[in-house]
Amino acid sequence: MQPRLNRVLEFWDRSKELHINNMEYRDFVNKFFLLLLKSDIKKGDFTSNSLIEKNKDISAVIVAKETGILAGIEEFRFLNGDLKIRQFKKDGDRIKSSEILLKLSGNAVKILERERTNLNLLQRMSGIATLTNDLSGNLKNVKIAATRKTLWGLLDKKAVSIGGGLTHRLNLNDGIIIKDNHLKLINHDFEKSINLVKNKSKYIEIEVENKEQALKAAMAIKKNDKNMYAIMLDKLPPNAVKSIIKNLKNNNLYSCILLEASGNIDENNLKEYSGCGIDIVSMGFITNSAKSLDMSMEIE
């Protein structure tokens, strides 16, 4: 069996798919950005079109207003391919207030009508990357992962990965998670649930809510060792998580299963969970509560 960390990365990290060279990701980014842009421009930027000559060219810089981790540069360059862009920083760089990140040159109206949408892209992704990086910086032997509790879908997942976190699954067919509502419909029969899904995906995770369910799930998993399996410990306090892991080890069930803690975890209790012996902590907090990193665009 491969080392545990390698299994963790294979199971929960899809960051290699979140690149503009990947057609599916590029298509998502393009359509999502155009949706945002069209909703902002509507019938046109009346202010810029009224005040600025149609063919006027300008240069502008995007400036950091606070310290953080930069994210969204790859997407920014792709989405503004009709402008000349000079890049001073790259994704993953730690940036400081007053540093120039990018310089844009091109049609004035295009630059101004995209200003807010472009800044939103960089600010949101950088904010998520910064929060992820801040939270994961002091943790040992445990990884932070995103959830599907996102506003900007794959862009949020990409930002988490730039900040040093794991993406978790990107969509519903990117691995299987048998959750509480699924289990209710089959009378919490863990063995049956595994048998029904084991040929659908290599990656199978089961959500449990107590020690008894965790043991039953682990025993069912041990009978089906051809796939990679994880157990999600949902909304359980750290002391309960520790007790479950001890129980799994005592029953020789720990080594064949990866373990995730999820639910009601934020910056206030993260360290408690990180010392429980789990492999990852998944947090909706890093995508739904991150503060946008302050930036501005300034005409030269």
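User: Which residue has its charged end over the ring of Y203?

Analyst: A charge sits over a ring if NZ of Lys or CZ of Arg is within 6 Å of the ring centre and within 35 degrees of the ring normal. Here the residue is R14, 4.8 Å from the centre of the Y203 ring. K249 likewise lies over the face of Y254, at 4.7 Å from the ring centre. The model is predicted: local features need pLDDT of at least 70, side-chain atom pairs pLDDT 80 or more, while totals for chains, interfaces and linings use all residues. Numbering starts from 1 along each chain as its sequence is written, and side-chain values use heavy atoms, without hydrogens and water.

User: How many aromatic pairs does a search of the whole structure find?

Analyst: Rings of Phe, Tyr and Trp (its six-membered ring) pair if their centres lie within 6.5 Å; planes under 30 degrees apart are stacked, over 60 edge-to-face, the rest tilted. The search finds four. For F11 and Y203 the centres are 5.6 Å apart and the planes at 85 degrees, so this pair is edge-to-face. Both F11 and Y203 are buried (under 20% relative accessible area, with a 1.4 Å probe and protein chains only). Ring pairs join F11, W12 and Y203 in a cluster.

User: In what order do the four strands of the open sheet lie?

Analyst: Strands of a sheet pair through backbone hydrogen bonds, either parallel or antiparallel. Strands are DSSP runs (E, at least two residues), numbered from the N terminus, and two of them pair if DSSP finds at least two bridges between them. The order is 3-5-1-12, with antiparallel pairing. Strand 1 (residues 57-64) and strand 5 (residues 100-107) share seven bridges, and D57 stands opposite N107 in strand 5.

How values were computed. Buried means under 20% relative accessible area, exposed over 50%, partly exposed in between (1.4 Å probe, protein chains only).
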